[in-house]
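Student: I am new to this structure and would like to learn how to read it. Could you guide me through its features one at a time?
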Amino acid sequence: MNYDRTNFAPLSHTRNPDHGELRFHWCAPLDSGQQKATEKYRVGELDFEGMVDFVQEADALGVDSLLMGIADYMPDPLPMIGALVRETENVTFILAYRPGLLSPTLFTQVVNTISWMSDGRISLNLVAGISPAEQAGYGDFVAHDGRYARTQEFLDICHRFWSGQSPLSYEGEHYVIKEAALGLGYKGGGRPEIYLSGASEIAQETAAMYGDCWLRYGDTPEGMGAAARPVLDKGARVGTRMHILARETREQALTDLAAMQENPDEKHREWVAQVVAASDSVAVKTSFRLAEQAADDWLSPMIYSGFVPYRGGPALCVVGSYQEVADYLYQYKAVGVSEFIFSGWPTRDEMRIFYTHVLPLIREHERRLG
């Protein structure tokens, strides 16, 4: 399937990423948050008041966007975002969602509604799914490449709606729509930013065809640069999702890193291993392969991989002093990476540290070096 990116509706006026600065987002703790990297996930409860407090601090810190993840062990992000946009003023919410759970017509209608509730503070992270077992729990039995083909159709339909096609009829392999007409368009016209996740060739293809930014789990700057080139050449941006542990000195960072490893929950590690074994995600498999190849759990002098067995693909962790971390992250800019989605342990403390101590150093880099 070929698609002309010039047919896309323009981005909403509220989102203008073309300012040359690196963009830094954060992952909201929908699983109630973790204090240590080696703990099991905290599930079975939702501290909504705590979430409100978290997003309001993110708003005050100047966080660009908050990723609201999706998994069967988490609260669903859609109602969460619908509530949280009313508790904030500036931060954008990146909705992670899987094509196949909702029809593209209903999904577009929901996103358009949130755009009016939030004055356009909604972006999308379309995820094709990482596990046939989890997808089966939702009644979805489409294989890996088929899920991406379905994602392409899904986004083709969404783009048509945002471009003003109405009524819309569509006949594809996965979706058939007859005379669909949505009364509520996207606030102010345009559409949300779209992030596409995955490391496979078809994931990259989908991101370049239908998205604004391709997201991949972390790697060294060299590894990210090599993977990013085909997507950059097709006109899409590139971002990565990682963890971060920054302290005033490297010694302090390494001390806190060691504390994270005390009394690990090995049953949780075994559970993660079972999930990975059942996964058909190239991104997940690639991250675990990188971690296994790392010397003494260090993928580079700045990237610690020892938490991947407990936290999965996003857990490659940049570790160092404020200045070291700022310098290292700036290296990604040279290879074409323009966006980061970070997490930490505990994630709220690490978010505060990053935006207070590390981000000003990166902005100084950008002022000096361009």
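Student: Which residue in strand 7 is the bridge partner of Asn125?

Tutor: The bridge partner of Asn125 in strand 7 is Tyr195. Before we go on, please keep in mind that this is a predicted model, where local features need pLDDT of at least 70, side-chain atom pairs count only at pLDDT 80 or more, and totals for chains, interfaces and linings use all residues. Residues are numbered from 1 along each chain as its sequence is written, and side-chain values use heavy atoms, with hydrogens and water left out.

Student: How many bridges does it take for two strands to pair, and how many join strand 4 and strand 7?

Tutor: Two strands pair if DSSP finds at least two bridges between them. The strands themselves are DSSP runs (E, at least two residues), as are helices (H or I, at least four residues), and both are numbered from the N terminus. Here strand 4 and strand 7 pair in the parallel sense over three bridges.

Student: Which other strands pair with these two?

Tutor: Strand 3 (residues 92-97) runs parallel to strand 4 and is joined to it by five bridges. In that pairing, Tyr97 stands opposite Leu126 in strand 4. Strand 7 also pairs in the parallel sense with strand 8 (residues 213-217), over three bridges, and there Leu196 stands opposite Trp214.

Student: What does "buried" mean, and how many residues of strand 4 are buried?

Tutor: A residue is buried when its relative accessible area is under 20%, exposed when that area is over 50%, and partly exposed in between (1.4 Å probe, protein chains only). Five of the five residues of strand 4 (residues 122-126) are buried, and the strand is mostly covered. Ile122, Leu124 and Leu126 point one way, while Ser123 and Asn125 point the other way.

Student: Why is strand 1 described as largely enclosed by the rest of the structure?

Tutor: Strand 1 is described that way because five of its five residues are buried. Arg23, His25 and Cys27 point one way from this strand, with Phe24 and Trp26 pointing the other way. As for its partners, four bridges join strand 1 to strand 13 (residues 337-343), and the two run parallel. Phe24 has Phe340 as its bridge partner in strand 13. Strand 1 also pairs in the parallel sense with strand 2 (residues 65-68) over two bridges, where the partner of Trp26 is Leu66.

Student: What is a salt bridge, and how many are found in the whole structure?

Tutor: Side chains of opposite charge can pair when their charged atoms come close. A salt bridge is counted when a side-chain nitrogen of Lys or Arg is within 4 Å of a carboxyl oxygen of Asp or Glu. A search of the whole structure finds 24 salt bridges. One of them joins the side chains of Asp156 and Arg160 (3.1 Å, N to O). These two are separated by about one helical turn, because they are four residues apart in helix 5 (residues 144-162). Asp156 is buried, with a relative accessible area of 4%, whereas Arg160 counts as partly exposed at 25%.

Student: Which salt bridge links distant parts of the chain?

Tutor: The side chains of Arg237 and Glu193 meet in a salt bridge (2.5 Å, N to O). Arg237 lies in strand 9 (residues 237-247) and Glu193 in the loop between strand 6 (176-180) and strand 7 (194-197), 44 residues apart. Arg237 counts as buried at 15% relative accessibility, and Glu193 does too at 0%. Both belong to a network of salt bridges that links Arg23, Asp64, Glu193, Arg237 and Glu339.

Student: Is Glu45 buried or exposed?

Tutor: Glu45 counts as exposed, at 54% relative accessibility. This residue lies in the loop between strand 1 (23-27) and helix 1 (48-61).
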